[in-house]
Every structure is written in structure tokens, then in C-alpha cells.
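Me: I have a two-chain model on my screen. Walk me through it, one question at a time.

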Amino acid sequence: MTFEALLFYFFAAVMVAASLAVVTLRNPVHCALSLVLTFFTCACLWLLLRAEFLAIALVLVYVGAVMVLFLFVVMMLDIKTLPGREGFTSYLPAGLVVATVMLAELIGLMGARKLMQGGPVRDAATEQGLSNTEWLGRALFSDYILPFEIAAVILTVAIVAAVALTLRRRPNVRTQDPAQQAATRKQDRLRLVDLPHHDGSKQA
Amino acid sequence: MELSGYLPVLLFLGLAALIAAALLAIGTLIGPKRPGADKHAPYECGFVAFEDARMKFDVRYYLMAILFIVFDLEIAFIFPWAVVFRDIGLIGLIEMGMFLLLLVLGFVYVWKKGALEWE
């Protein structure tokens with residue numbers, strides 16, 4: 001067994017264990033952290049497949065940003081520990097159907113027949129002698145201009161939608177205006193008054 | 001990229017793990033240990049904790065996180081562009097310009113709406 005194959009089995013085992021932990025652990029924070037481990041191991045696997053851009057993007061976007069949002073949501077929601085396995089048997093058939101369909105789709109996608117005939121899977125990047133990121137960049141900015149710009153439109157729509165959904169104006173909120181605070185003069189705030197002495201006479 | 005090209009990354013990871021472990025070990029070995037009930041109590045700005053930390057938070061925290069994800073995704077698109085932008089010439093530059101323009105429009109919208117203001 002080559003070193004790469006060993007690495008593959010190691011990462012695959014960690015990934016399967018971590019993804020099992022995601023769905024079985026009771027504490028939602030631990031589940032989210034297990035999901036982080038799953039993503040990270042998946043990135044390692046993709047590195048083994050020479051898909052370096054996807055691997056870095058997975059770490060950057062999912063581990064770095066999406067999981068931060070997940071943890072954020074999980075930690076701030078009003079849930080402590082999930083209830084037990086209640087409803088497990090009622091959800092089991094639907095879950096099995098979904099899992100089977102997904103597995104069938106994956107096998108179909110990978111071209112099971114082609115794999116059984118043998119021969120390595122063709123990789124467009126290595127055939128052209130380019131690195132994965134270079135090939136992706138060239139493809140993205142020559143053949144796939146329209147989808148790329150559509151992605152920008154979708155991201156902008158996401159920004160607008162997020163603001164529209166969550167932004168609430170609240171009246172009667174007292175705020176500080178730092179500029180106004182800094183511009184205050186002594187005479188705006190301070191008034192010197194003469195108070196009568198205890199015997200009634202004014203102080204000199 | 002061949003796997004051997006990741007040797008520097010591996011070295012960095014190893015060094016980072018080593019430094020982290022060393023810092024923790026030094027603290028554990030040398031630092032004085034006088035535990036007490038007050039020292040282990042949850043602490044917030046000097047107040048005694050009076051409520052559970054798990055409570056409903058303002059939705060605008062999530063808004064910040066979502067906006068962060070969107071602009072983080074933008075970076076993921078800029079990476080391959082930065083690698084090849086010498087080869088793809090003016091078209092690539094214009095394309096990325098349009099991409100960034102759209103997202104800057106979104107950014108201006110967010111700014112003008114006051115979504116980045118913290119009341």
C-alpha cells in the first residue's frame with residue numbers, strides 16, 4: 001500500500017467518524033465542532049485528489065465562515081442539549097429513502113461503468129499540465145463568464161435579502177454621537193452659581 | 001500540485017502545534033496553581049452571572065455573520081483570478097471588474113441602509 005493510500009484511508013476513517021459524531025452527539029456545540037472536523041478532513045482528501053483550490057475554498061469558506069455562523073446560531077439559540085432519539089424510528093424510513101437515492105445518484109455521477117472498465121479518471125488540469133487552480137481560473141474566466149457574473153448577482157441578491165429580512169429599525173434607542181461628545185465646551189455643561197452662606201450673607 | 005509540495009505547509013503546521021503545546025506545557029509546569037470557587041465561577045465584566053448564557057439574541061448578530069460569509073465567498077472567486085490574471089488579459093480584468101462592481105453595489109446598499117450601524 002502506498003503512502004497516499006494510507007493517508008486516504010486515515011482521512012476517510014476520521015471523516016466517517018466525525019460525520020457520525022455530528023448526528024449522534026447530544027450537545028449541539030459539539031456537533032458543530034465535529035462538522036468542522038468533517039469539513040477539514042474532506043479538504044485533506046481533496047488535496048490528495050490534487051483539487052487544491054476546492055480544498056482551500058472549503059477551509060476558507062466553510063470552516064472559516066459558514067461554521068462560524070453555525071456555531072454562532074447554535075450557541076445563541078435557546079437550546080441546551082438535544083432531546084434523545086425520540087422520533088428516530090418514525091424518521092428512519094424517509095431517511096433511508098433519501099440516503100439510498102443520494103448514493104445511487106453519486107454512483108451514477110461517478111460513472112460506475114467507466115470505473116469498472118478500468119483506467120484512471122481523466123483530469124482536465126493535469127492533461128494540460130496546469131495546476132488545479134490555474135485550470136479553474138482559465139475555465140472560469142473564458143468559458144464560464146456568464147455563470148460567473150450570475151454568481152455575483154446571486155451574492156448581491158443574498159446581501160439585499162439578508163438586510164431586508166433582518167434589519168429592524170428601532171425608535172427610542174439612545175445612542176452616543178462621538179463627534180458631539182468631543183465638541184462639547186465647558187460652558188455647555190458647567191454653570192457656576194453663588195450659594196448663600198449659612199448665616200445668610202453672600203460670600204465675597 | 002504534487003503532495004511533496006506541501007512539505008512547507010506540514011512544517012508550518014508542526015511548528016504551530018509545537019509552539020501551542022510548549023506554551024500550554026510551560027504554563028502548566030511553571031505557573032502557580034491556587035484554585036478556588038470564585039476563580040472557577042463564570043465571569044462577565046465583573047458581575048456575578050445572573051442568567052443563563054443560552055438566550056435569544058438579537059438577529060442583527062446573524063446579519064453581520066451572513067454579510068461576512070457573502071464577502072468571504074467573493075474572496076474564493078478572486079483567488080483563481082489572481083493566479084491566472086496575467087494569462088487571461090483584458091477580458092478577465094473587465095470580468096472581475098463587473099463582478100466586484102456588483103458586490104460593491106451590494107456593499108453600498110448595506111452601508112446606506114445603515115445595516116453596519118450599531119445603535
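Me: What does chain A contain in helices and strands, and what pattern do its elements follow?
Reply: This is a predicted model. Chain A has 10 helices and 0 strands. Read along the sequence, its pattern is α-α-α-α-α-α-α-α-α-α.

Me: Which element of chain A has the lowest mean pLDDT, and which the highest?
Reply: Chain A as a whole averages a pLDDT of 83. In chain A, 84% of the residues score at least 70. By element, the highest mean, 92, belongs to helix H1 (residues 3–24) of chain A, and the lowest, 66, to helix H5 (residues 112–116) of chain A.

Me: Where is the kink in H4(A) centred?
Reply: The kink is about 30°. After H4(A) comes A:Gly111, with a positive phi near 70°. The kink itself is centred on A:Ala94.

Me: What do the buried residues of H2(A) pack against?
Reply: H2(A) spans residues 28–48 and reaches 30 Å from end to end, close to the 30 Å expected for 21 residues. Its buried residues include A:Leu35, A:Phe39, A:Cys42 and A:Trp46. They pack against H1 and H3 of chain A.

Me: At which residue does H3(A) bend?
Reply: H3(A) has 25 residues, which should span 36 Å at 1.5 Å a residue. Its end C-alpha atoms are 34 Å apart, which agrees. The helix bends by about 35°, at A:Met67.

Me: What covers the buried residues of H3(A)?
Reply: The buried residues of H3(A) are A:Phe53, A:Ala55, A:Ala57, A:Leu58, A:Tyr62 and A:Ala65. Both chains supply cover. It includes H2 and H7 of chain A, together with H3 of chain B.

Me: How do H3(A) and H3(B) run relative to each other, parallel or antiparallel?
Reply: The axes of H3(A) (residues 52–76) and H3(B) (residues 60–113) come within 10 Å and cross at roughly 180°. An angle over 145 degrees counts as roughly antiparallel, so H3(A) and H3(B) are roughly antiparallel. Among the residues making the contact are A:Phe53, A:Leu60, A:Leu69 and A:Phe72 of H3(A), and B:Tyr62, B:Ile69, B:Phe79 and B:Pro80 of H3(B). The relation asked for is roughly antiparallel.

Me: Which element gives the largest share of the side of chain A that touches chain B?
Reply: The contact takes 45 residues from chain A and 43 residues from chain B. On the chain A side, the elements giving two or more residues are H3, H7 (132–140) and H8 (145–166). The largest share, 14 residues, comes from H8(A).

Me: Which residues does A:Leu140 contact, leaving aside its neighbours within four places in sequence?
Reply: A:Leu140 is found in helix H7 of chain A. It is buried, because 20 other C-beta atoms lie within 10 Å. Its contacts are A:Phe148 and B:Pro80.

Me: What share of the residues of chain A counts as buried?
Reply: Chain A has 204 residues. Among its contacts between residues at least 6 apart in sequence, 52% join residues at least 24 apart. The buried share of chain A is 13%.

Me: In what order do the elements of chain B run, from the N terminus on?
Reply: Chain B has 3 helices and 2 strands. Of its 119 residues, 10% count as buried. The order is α-α-β-β-α.

Conventions
Residues numbered from 1 in each chain as written. Chains lettered and ligands numbered in written order. Predicted model: local features only at pLDDT ≥ 70, side-chain atom pairs only at ≥ 80, totals over all residues. pLDDT = per-residue confidence, 0-100. Helix = DSSP H or I, 4+ residues; strand = E, 2+ residues; numbered from the N terminus. Bend = angle between axes of the 7 residues up to and from the residue. Axes fitted to C-alpha atoms, helices over the stretch in contact; angles between N-to-C directions. Parallel < 35°, antiparallel > 145°, perpendicular 65-115°, else oblique. Contact = placed C-beta atoms within 7 Å. Buried ≥ 20, exposed ≤ 12 C-beta atoms within 10 Å, placed from the backbone. Expected span 1.5 Å × (residues − 1).
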